[in-house]
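Reader: I have a model open on my screen and would like to learn how to read it. Could we take the features one at a time?

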Amino acid sequence: TTYLHAATSRFMRMDAPLVVAVNGVAAGAGMSLAVAGDITIAARTAKFTMAYTAAGLSPDGSSSWFLPRLIGLRRTQELMLTNRVLDAAEALEWGVVSQVVDDDALADAAMDLARRFASGPTLAYGAVKTLLVDSFTNTLETQLELEARLIAKTAQTDDGREGIAAFVAKRKPVFKGA
C-alpha cells in the first residue's frame, strides 16, 4: 500500500499527464489506478469493479478520493458498496474512463496520446494538474490567484513564449518541454 500511495501521489503532481490503458478487468487497486489517470482509455471489452468490500476490505489506492470527484458520491457509493461491474461503455457513460476503443487499437491509442503529451507543453500540463488537484477545496479567490500565478509563470517559459508567438503567427507551435 505504501508504494501504491506514493506512486499515485507522484502521478498526480508530476507535470506529464498520466495516460492509463485498461485491457481486461480493472478490479480493486487496478481500478484505483485507472481512475487516477489524467486520461484513461479502455478496450471495448474492459470491465471495472471496486471489489474491495467483496473481500471484506475498504477501498485503497486513491479511489475514495478520485471516484467521488469523477462520478459523484451516489455512483461511488454504489460501486464501492455493491461491487457492481461496469463494462467499458458504462464506464465511459459514468465518467470513469475518457475513451473506449476497439481492443486491438488500445495500445496504439494510448501510445499516440502519450507521444502527443510528450511533445507538448509539459510545464503547462503540470500547471493544469496543479490547478485541478485542489479546485474542489479552494475558494474562488484562491483559485483565481493560483490561475494568475501559473499563467504568469507559464507565459515566461520557452514553451509559453513559443505558444504565444505561434498563435500570433497563425502557425503550429513547436514545444520543447521547457
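Predicted model: local features only at pLDDT ≥ 70, side-chain atom pairs only at ≥ 80, totals over all residues.

Reader: Which residues make the contact between H7 and H8?

Author: From H7 come Leu123, Ala124, Ala127, Thr130 and Leu131, and from H8 come Gln143, Leu146, Glu147, Leu150 and Thr154. Sorted by class, the contact of H7 with H8 has six nonpolar, three polar and one charged residues.

Reader: At what angle do helix H1 and helix H2 cross?

Author: The axes of H1 (residues 2–13) and H2 cross at roughly 15° and come within 11 Å. Angles under 35 degrees count as roughly parallel. H1 and H2 are therefore roughly parallel to each other. The crossing of H1 past H2 is right-handed.

Reader: Which residues of H1 meet which residues of H2?

Author: Leu4, Thr8 and Phe11 are on the H1 side, and they meet Ala29, Leu33 and Ala36 of H2. The residues of this contact of H1 with H2 are five nonpolar, one polar and no charged.

Reader: Where is Ser62, and what does Ser62 touch?

Author: Ser62 lies in the loop between strand E4 and helix H3 (63–71). Leaving aside residues up to four places away in sequence, Ser62 touches Thr8, Ser32 and Ala36. Thr8 belongs to the H1 side of the contact with H2, and Ala36 to the H2 side.

Reader: Is Ser62 buried or exposed?

Author: Buried means under 20% relative accessible area. Ser62 has a relative accessible area of 17%, so Ser62 is buried. Over the protein, 37% of the 178 residues count as buried.

Reader: Now the strands. How do the strands of a sheet pair?

Author: They pair through backbone hydrogen bonds, either parallel or antiparallel. Here three strands form an open sheet with mixed pairing, in the order E2-E4-E5. Strand E2 (25–27) and strand E5 (86–87) stand at the edges; each has a single partner strand, so one side of each is left without a neighbour in the sheet.

Reader: What packs on this sheet?

Author: Helix H2 (residues 29–36) does, touching E2 and E4. The direction of H2 makes about 100° with that of E2.

Reader: How many bridges join E4 to E5?

Author: Two bridges join E4 (residues 47–49) to E5, and these strands run antiparallel. To find one on screen, look for Lys47, whose bridge partner in E5 is Asp87.

Reader: What does strand E3 pair with?

Author: Strand E1 (residues 19–22) is joined to E3 by four bridges, and the two run parallel. Val20 has Thr40 of E3 as its bridge partner. E3 is also joined to strand E6 (residues 99–101), by three bridges, again running parallel. There, Ala42 has Val100 of E6 as its bridge partner.

Reader: Why is E3 called largely enclosed?

Author: Four of the five residues of E3 (residues 39–43) are buried, so E3 is largely enclosed by the rest of the structure.

Reader: How many helices and strands does the protein have?

Author: There are nine helices and six strands. Their C-alpha atoms and those of the rest of the protein fill a box of roughly 55 × 40 × 30 Å along the principal axes.

How values were computed: Residues numbered from 1 in each chain as written. Heavy atoms only, no water. Pairing = 2+ DSSP bridges. Contact = heavy atoms within 4.5 Å. Axes fitted to C-alpha atoms, helices over the stretch in contact; angles between N-to-C directions. Parallel < 35°, antiparallel > 145°, perpendicular 65-115°, else oblique. Left-handed = near helix turned anticlockwise from the far one by under 90°. Nonpolar A, V, L, I, M, F, W, Y, C, P; charged D, E, K, R; others polar. Buried < 20%, exposed > 50% of the residue type's maximum accessible area, 1.4 Å probe, protein only.
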